Amino acid sequence: MRHDVPDQLTIRYFAGARAAAGMAEETASAGRSLDELTDELTRRHGERLAAVLRVASFLVDGVTCHDRRTPLPAGATIDVLPPFAGG
């Protein structure tokens with residue numbers, strides 16, 4: 001379910017994040033920071049996803065996001081990667 005809409009963000013969930021969100025992918029409006037986006041996703045999906053988001057890593061168009069307050073570019077894909085076990 002790809003939504004390549006220029007003013008939207010595509011959020012893709014992996015592993016435990018997918019289970020907590022109850023879906024593999026969704027969209028959100030662009031023009032916000034990662035902190036603002038995670039707040040919205042918490043409101044949408046509740047505390048179970050919030051717990052995953054607190055420890056997850058985020059990729060913005062395949063690049064690790066280091067500044068959670070920088071506005072996310074319109075049309076970007078945000079990958080939510082919870083900590084993975086194993087070696």
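Predicted model: local features only at pLDDT ≥ 70, side-chain atom pairs only at ≥ 80, totals over all residues.
Residues are numbered from 1 along each chain as its sequence is written, and side-chain values use heavy atoms, with hydrogens and water left out. Local features need pLDDT of at least 70 and side-chain atom pairs count only at pLDDT 80 or more, while totals for chains, interfaces and linings use all residues.

Start with helix H3, which runs through residues 47-55 (helices, H or I, of at least four residues and strands, E, of at least two are DSSP runs, numbered from the N terminus). Leu-49, Ala-50, Val-52 and Leu-53 of H3 are buried, where buried means under 20% relative accessible area, exposed over 50% and partly exposed in between (1.4 Å probe, protein chains only). Looking down the axis of H3, these buried residues fall within an arc of 165°, so they line one face of the helix; the arc is that of the directions from the helix axis to the C-beta atoms. An α-helix has 3.6 residues a turn, so residues three or four places apart point the same way. Over on the other side of H3, Glu-47, Arg-48, Arg-54 and Val-55 are exposed. As for what covers the buried residues of H3, the list includes E1, H1, helix H2 (34-45), E3 and strand E5 (77-81).

Now for the two loop residues. Ala-15 sits in the loop between strand E1 (8-13) and helix H1 (16-21). Its phi is near 50°, a positive value in a residue other than glycine, and Ala-15 is partly exposed, at 44% relative accessible area. Asp-61 turns up in the loop between strand E3 (57-60) and strand E4 (63-64). Asp-61 isn't a glycine either, yet has a positive phi of about 50°, and this residue is partly exposed with a relative accessible area of 49%.

Key
Contact = heavy atoms within 4.5 Å.
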